[in-house]
Number of protein chains: 4
Amino acid sequence: MEATTNSTWRKKLHEIIYEADTPSGKLFDIILLVLIILSVIFVMLESVSSIDLKYHNLLYIGEWIITIFFTLEYIARIITVKKPFSYIFSFYGIIDFLSTVPLYLSFILAGSNYLLTVRALRLLRVFRILKITRYVGESNKLMKALRDSRPKILVFLFAVLIMCIIFGTLIYLIEGEQSGFKSIPVSVYWCIVTLTTVGFGDIAPVTPLGQFLAALIMITGYGIIAVPTGIVSAEYTRNTKPIKIEDEEYVHVNTQICQSCGTAKHRDDAKFCHKCGEALHQAENLG
Amino acid sequence: MEATTNSTWRKKLHEIIYEADTPSGKLFDIILLVLIILSVIFVMLESVSSIDLKYHNLLYIGEWIITIFFTLEYIARIITVKKPFSYIFSFYGIIDFLSTVPLYLSFILAGSNYLLTVRALRLLRVFRILKITRYVGESNKLMKALRDSRPKILVFLFAVLIMCIIFGTLIYLIEGEQSGFKSIPVSVYWCIVTLTTVGFGDIAPVTPLGQFLAALIMITGYGIIAVPTGIVSAEYTRNTKPIKIEDEEYVHVNTQICQSCGTAKHRDDAKFCHKCGEALHQAENLG
Amino acid sequence: MEATTNSTWRKKLHEIIYEADTPSGKLFDIILLVLIILSVIFVMLESVSSIDLKYHNLLYIGEWIITIFFTLEYIARIITVKKPFSYIFSFYGIIDFLSTVPLYLSFILAGSNYLLTVRALRLLRVFRILKITRYVGESNKLMKALRDSRPKILVFLFAVLIMCIIFGTLIYLIEGEQSGFKSIPVSVYWCIVTLTTVGFGDIAPVTPLGQFLAALIMITGYGIIAVPTGIVSAEYTRNTKPIKIEDEEYVHVNTQICQSCGTAKHRDDAKFCHKCGEALHQAENLG
Amino acid sequence: MEATTNSTWRKKLHEIIYEADTPSGKLFDIILLVLIILSVIFVMLESVSSIDLKYHNLLYIGEWIITIFFTLEYIARIITVKKPFSYIFSFYGIIDFLSTVPLYLSFILAGSNYLLTVRALRLLRVFRILKITRYVGESNKLMKALRDSRPKILVFLFAVLIMCIIFGTLIYLIEGEQSGFKSIPVSVYWCIVTLTTVGFGDIAPVTPLGQFLAALIMITGYGIIAVPTGIVSAEYTRNTKPIKIEDEEYVHVNTQICQSCGTAKHRDDAKFCHKCGEALHQAENLG
């Protein structure tokens with residue numbers, strides 16, 4: 001008898017936590033979302049020294065309350081689910097774990113509480129919660145296009161990295177340490193900054209030859225940005241093809257006109273008018 | 001009698017203000033465009049201290065004259081239109097309102113007159129006024145492609161934002177406050193600056209690990225810029241496909257089968273079989 | 001008699017100057033190209049003070065020699081062409097004129113000789129000279145795609161400009177003059193710098209609200225770069241549509257006509273008419 | 001007898017070095033990859049002064065060991081291959097040579113050992129070694145799309161360069177030397193930095209006219225980035241196009257099989273076999 005009660009209780013909790021169709025499930029999900037957003041804002045604000053000075057205790061308490069709630073939720077998720085391990089090691093399971101642990105760790109490792117912003121990943125649930133299937137569909141299509149493009153994009157990024165190592169060494173040899181190119185790793189970093197057209201400007205070439213090489217790197221970066229774009233574009237276009245003529249439901253028609261009723265646009269192989277049933281002249285069929 | 005005159009007067013004013021086909025309507029629209037451009041220039045110049053010192057009065061008077069004209073025009077638009085409220089709460093109605101209010105507000109709230117640059121939005125009328133249907137057509141097609149891509153772009157930007165929050169926290173923990181990464185919000189801001197390849201350079205990582213993470217963010221940003229481009233590109237390509245089914249040479253056929261010779265794929269409007277000339281049953285034609 | 005000699009002389013000169021098929025015409029074109037490149041380099045080097053100090057006279061004399069050559073060439077082009085005015089006001093005619101005038105102007109207006117770099121435009125002749133039709137073809141296709149995309153791109157840039165005016169005003173009001181946002185025009189300039197993801201960093205927001213707005217502008221710029229790309233991409237794809245036919249369900253048909261029933265469009269490998277079963281003549285099958 | 005042993009020995013070495021199918025060949029390739037990565041890291045770290053101070057000897061010895069290994073490998077490759085010269089002057093042959101020479105050169109030319117980072121190019125072998133044909137296929141498709149786009153991209157970059165020379169001269173004349181635009185070459189460099197949306201910010205216009213021109217350059221750069229993207233995108237799409245049939249010369253065929261000769265793929269409307277002239281069964285025509 002008690003086992004049944006227990007199982008009913010677990011079933012209900014499961015319904016609330018995992019499903020978003022019942023009113024209580026919906027409420028739970030909305031509360032969760034609000035708490036996630038709040039807690040991310042709390043952690044971010046805590047790092048702003050002027051705000052932290054004034055409201056430290058408030059933020060600290062808020063963080064603890066939300067973390068305890070998340071911990072309880074995490075435990076509830078494990079208890080109520082049928083296969084606890086498949087949840088624990090799933091994408092969301094790991095994120096849920098990482099969303100509670102950092103604050104406990106902060107006793108041992110100062111500053112680790114900032115890692116709580118990993119909770120932002122939990123916001124990805126919003127798509128599931130809001131049941132906006134349109135968004136989920138889009139997101140799936142996007143993911144598919146990205147997944148299909150992955151090998152190509154990886155080949156591309158690998159080539160870019162090799163390019164950056166070689167160009168970085170060259171610029172290091174040309175500019176030397178006095179221009180800020182302190183070492184090859186820093187020069188490779190600068191090369192990535194330049195090739196991706198970010199261009200911080202904290203390090204910049206000053207010799208004519210260095211500027212010439214920089215111009216070359218920029219133009220290369222400007223030109224090859226086309227490559228990943230072209231890949232994803234082609235991949236995505238392939239997944240969203242419009243209606244095509246080869247469609248079984250369309251046939252070619254010609255300009256032949258029925259001599260009896262004047263109807264035009266007959267099938268190329270028509271022998272009789274589809275309007276009045278009159279025989280079409282074979283001679284005209286030649287055209 | 002007077003009501004008729006009144007209504008004639010309103011009708012004429014409506015013609016001048018809302019239509020651009022009559023000579024007076026065209027003249028009105030051109031004057032409007034010139035005044036909009038002039039007033040935006042006035043407001044911008046007023047903010048340049050060296051120019052404001054010399055020509056303050058001139059600019060101030062010019063602004064007031066144009067604003068009074070716009071106010072009168074706004075009132076005229078409300079009076080002459082049949083459904084005033086649908087105008088007031090329409091896109092252009094709100095812009096017209098926002099184009100007059102800030103100057104009156106500047107008595108209460110200093111500096112609010114600069115908000116008059118919102119008038120620039122009124123320039124969007126130029127497409128309607130110049131009657132360049134080609135441009136309007138393009139603009140509509142563009143808007144359609146953008147509207148169709150919106151859910152995908154939103155999913156994308158949402159994912160980018162979450163990425164920036166997490167990367168921003170990491171760089172804050174790695175670099176710390178002495179490199180300019182004062183707080184997590186500032187670090188997230190820097191992360192957006194880097195990921196979008198803007199790269200101001202007011203804040204830049206200095207530690208090797210920070211530069212490594214920055215390089216990762218840049219390459220990510222450089223790689224995923226392909227995503228929105230691919231989306232809009234595919235969406236736009238879909239809207240401007242070269243061969244369309246409406247093509248005169250193709251007609252739709254259905255699955256109906258001739259009871260006499262068994263020929264399938266008749267035109268939707270076929271009354272007789274094009275193969276054997278047998279009458280097709282009308283009842284089946286409905287499907 | 002003399003007139004004939006004169007006309008023969010002009011004809012020959014025309015051949016040398018305007019055509020690139022004869023050996024002398026080819027030589028002339030190559031000399032021209034070398035001189036254009038040399039003169040652009042001369043003008044650029046003259047602006048480098050360290051080089052100018054040492055080699056001023058050399059560069060000055062070189063510039064004058066090339067300019068006199070170009071002047072003579074310009075006169076020769078006018079003399080030998082049939083319709084001088086259509087040359088003078090053509091694209092290349094205007095460039096040729098602008099390539100000689102600045103040096104003469106430098107007597108009146110100091111520094112105008114630097115405008116000689118406009119000569120770089122003459123390098124566009126390289127495509128004509130090298131007779132690389134492939135390149136010319138590509139260039140034409142590119143130009144066509146760009147010309148077709150123009151109205152859309154203009155609508156897009158117009159919208160971007162209006163956006164920059166409004167965002168520029170907002171950031172001016174938020175950041176104020178102490179952060180470098182001296183006036184609305186400067187703020188609009190900064191907004192363009194940010195939206196196009198250039199990001200010089202000479203001006204950068206420092207207040208949280210300003211940084212938030214900046215992040216918004218960047219993400220907008222990062223997102224809408226997809227629009228012109230999508231446009232040109234779609235336009236270009238349209239011009240280079242391939243036709244592929246490996247599809248199993250389609251076979252190639254030819255124009256052969258059955259001598260018995262007049263049916264056309266038989267499979268290439270057809271031996272009998274698919275309509276009436278009559279043997280098709282093998283001889284005609286060869287075509 | 002000895003000749004045979006020799007040839008067997010060479011054959012076995014060839015198998016190990018050039019092939020990756022046997023266990024020893026695989027092991028050799030993996031060791032090679034690890035050594036390449038190690039040596040690139042060694043060279044990079046050596047340029048970091050703080051690390052070099054501590055571990056100079058370790059890095060120096062490591063570099064020499066790897067270089068000697070590479071030298072032996074290079075010699076072995078020449079000995080075991082059938083046509084040594086076609087290897088020496090092949091892409092990989094030249095890279096292998098450049099991967100050993102710089103260290104020996106460093107006795108004569110200080111700093112040339114840094115050129116060892118050219119070894120990073122050897123990492124391209126990873127695709128061959130790992131036998132990830134999928135990656136190789138993608139890489140080939142990418143290379144094809146890039147090769148096909150080359151003439152177009154070159155025309156584009158040529159036009160961009162001419163644009164940068166002219167805009168660079170204009171900004172030099174407008175801004176002058178006091179704003180950092182020291183000479184025309186530097187201004188052209190700045191123009192490339194701006195047009196490619198890199199925007200270091202080490203040089204930035206300060207006059208209103210200069211900022212206006214800069215805004216123009218940026219918008220141009222932002223707009224024309226669409227061109228290479230559109231090109232590669234179209235080229236790439238062309239390689240992965242689906243099938244189209246609006247072409248007049250193709251007709252739809254079905255899976256019907258002639259009962260007399262067994263020929264398949266008849267036109268949908270065929271009544272007789274196009275191969276043997278046998279009548280096709282009407283009943284089967286229904287499908």
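Predicted model: local features only at pLDDT ≥ 70, side-chain atom pairs only at ≥ 80, totals over all residues.
A residue is called buried when its relative accessible area is under 20%, exposed when that area is over 50%, and partly exposed in between (1.4 Å probe, protein chains only). Residues are numbered from 1 along each chain as its sequence is written, chains are lettered from A and ligands numbered from 1 in the order in which they are written, and side-chain values use heavy atoms, with hydrogens and water left out.

Confidence comes first. The model as a whole scores ipTM 0.74 and pTM 0.76. Helices here are DSSP runs (H or I, at least four residues), numbered from the N terminus. Among the elements of chain A, the highest mean pLDDT, 92, belongs to helix H9 (residues 184-195), and the lowest, 43, to helix H12 (residues 282-285). Two stretches of chain A call for a careful eye. Over residues 241-250 of chain A pLDDT stays under 50, and the model has 28 contacts (heavy atoms within 4.5 Å) beyond four places in sequence for them. Over residues 283-287 of chain A pLDDT also stays under 50, with nine such contacts.

Chain A is divided into domain 1 (2-136) and domain 2 (140-232), with bounds that come from an automatic or database domain assignment. Taken over C-alpha atoms, the centres of these two domains of chain A are separated by 39 Å.

Side chains of opposite charge can pair when their charged atoms come close. In chain A, A:Glu73 and A:Arg77 form one, with the closest N and O atoms 2.7 Å apart. Both lie in helix H3 (residues 49-80) of chain A, four residues apart, about one turn of the helix. A:Glu73 counts as buried because its relative accessibility is 4%, and A:Arg77 is buried at 1%. A network of salt bridges links A:Glu73, A:Arg77 and A:Asp96.

In chain B, B:Arg77 pairs with B:Asp96, the closest N and O atoms being 3.8 Å apart. This pair links distant parts of the chain, from B:Arg77 in helix H3 (residues 49-80) to B:Asp96 in helix H5 (residues 91-98), 19 residues apart. B:Asp96 has a relative accessible area of 3% and is therefore buried. In chain C, the side chains of C:Arg77 and C:Glu73 meet in a salt bridge at 2.6 Å, N to O.

Chain D supplies a contrasting case. D:Asp52, in helix H3 (residues 49-80) of chain D, is buried yet has no salt bridge, and the nearest side chain of opposite charge, D:Lys54, is 12 Å away. Lys and Arg count as positive and Asp and Glu as negative, while His and the chain ends are not counted. Beyond four places in sequence, D:Asp52 is in contact with D:Leu45, D:Glu46 and D:Leu59.

Notes. pLDDT = per-residue confidence, 0-100. Salt bridge = Lys/Arg side-chain N within 4 Å of Asp/Glu carboxyl O.
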